[in-house]
Amino acid sequence: MTDSRTAASPVFTDAFGRQITYLRLSVTDRCNLRCHYCMPEGMTFLPKEMLLSYEEMLRLVGILAGNGVEKVRITGGEPFVRREVLGFLTELKNIDGLGKRYVTTNGVVPDKVFAHLPDLALSGVNLSLDSLDRARFARITRRDRLGQVLAFMDRVLDLGIPLKINVVVMSGQNEADLIPLANLTRELPVTVRFIEEMPFNGNQKQAAPVPWHYRRIEEYLGKTFPGLVRQPQLTGSTELLYRIPGHRGEVGIIAGYSRTFCGTCNRLRVNARGEMRTCLYGKKVLDLRRLMRSGADDAAIAGAIAAAVAGRFADGWSAQQDRDRRQPHNPSMSVIGG
Ligand code: SAM
Ligand code: SF4
């Protein structure tokens, strides 16, 4: 591999002085669940040749890590449905400069993932779990798989891997689960994060304003847990964090619709077909698959990424305005790379 750390691209910094240190990399657009808020039934998936290969992904992560990216999150679709993903996750451990490796999963994983989880030395796992009730879980995800998800959660906890649970808050769907899910933090060292539903469902646009706005979620939790204490927000973090007195874990809120966090955003997203976004709400800004397959060397790829980062918008609202001009349809989160 050539040295991509050139004078032209010392690190990836945008016009607002925000440095990119975090990559969210989607390895597949496929999934074994069909959560209503994410994927309609009857999706068409990409053929294998349109996906970045593992070699291409490792090369890309190496280039980014050589230019200041310290953290990667592997996501999807459901990352564990891609064949040989365990080998890829193992290879990621060898990339210099990449200190932190995370996975976001729905927990419906093959048995061999249970067996090999310790070898991956993950810095943390984010697990999607929108309901603790079997019937509601099956309704939301269109699959009856709650038992498998809970078994995966236990495995992660037994191994002492830091665990965050993601809960999308949906009107008329899982309101009855919010307090039971928050109560997991009483005994378990987990962070349970409540996410505003975003309009990335591969469908029509969502009605505005979002029914479960972050302030409403905060107020609702505060009624059951009057001692709820907001923690200082970490730079680059998308979550508002709270402690509940006497609880081992924490609760969080992600204002994905309201976008309270854009000011310190430090991340890039690359979807399974190699399209890069500098903002979740914005359009794709670079076709990395085409660039890599055209024979570009590492320095050229780093230069193209730096140029795309330099053109970043100030926040998700302006990025979305720009995207909406060309693409009024909402892509699925599984296509953007969640
Ligand atoms: N399949 C994995 C999972 O569900 O964790 C990883 C991919 S999924 C797209 C990543 C995250 O995006 C999940 O926590 C999911 O809840 C969230 N997500 C998907 N669609 C969303 C939407 N419309 N609004 C808010 N969060 C969404
Ligand atoms: Fe699949 Fe995750 Fe989307 Fe649910 S949120 S359909 S588990 S990719």
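Biologist: Polar contact here is a pair of N or O atoms within 3.5 Å; within protein, one must be able to donate a hydrogen and the other to accept it, and sequence neighbours count only if both atoms are side-chain atoms. How far is the backbone N or O atom of Thr105 from an oxygen atom of ligand 1?

Modeller: That distance is 3.2 Å. This is a predicted model, where local features need pLDDT of at least 70, side-chain atom pairs need 80 or more, and totals for chains, interfaces and linings use all residues. Residues are numbered from 1 along each chain as written, chains are lettered from A and ligands numbered from 1 in written order, and side-chain values use heavy atoms, without hydrogens or water.

Biologist: Which polar atom of Asn166 is 3.2 Å from an oxygen atom of ligand 1, backbone or side-chain?

Modeller: A side-chain one. Tyr37 instead uses a polar backbone atom, 2.8 Å from a nitrogen atom of ligand 1.

Biologist: How much of ligand 1 does the protein bury?

Modeller: 95% of the 540 Å² that ligand 1 exposes when taken alone (Shrake-Rupley, 1.4 Å probe).

Biologist: Which elements give two or more residues to the shell?

Modeller: Strand 3 (100-105), strand 5 (163-169) and strand 6 (190-196); strands are DSSP E runs of at least two residues, numbered from the N terminus.

Biologist: How many residues surround ligand 1, and which are closest?

Modeller: There are 19, with Tyr37, Gly77, Thr105, Ser128 and Met198 the closest; a residue counts if one of its heavy atoms lies within 4 Å.

Terms used: Helices (H or I, at least four residues) and strands (E, at least two) are DSSP runs, numbered from the N terminus.
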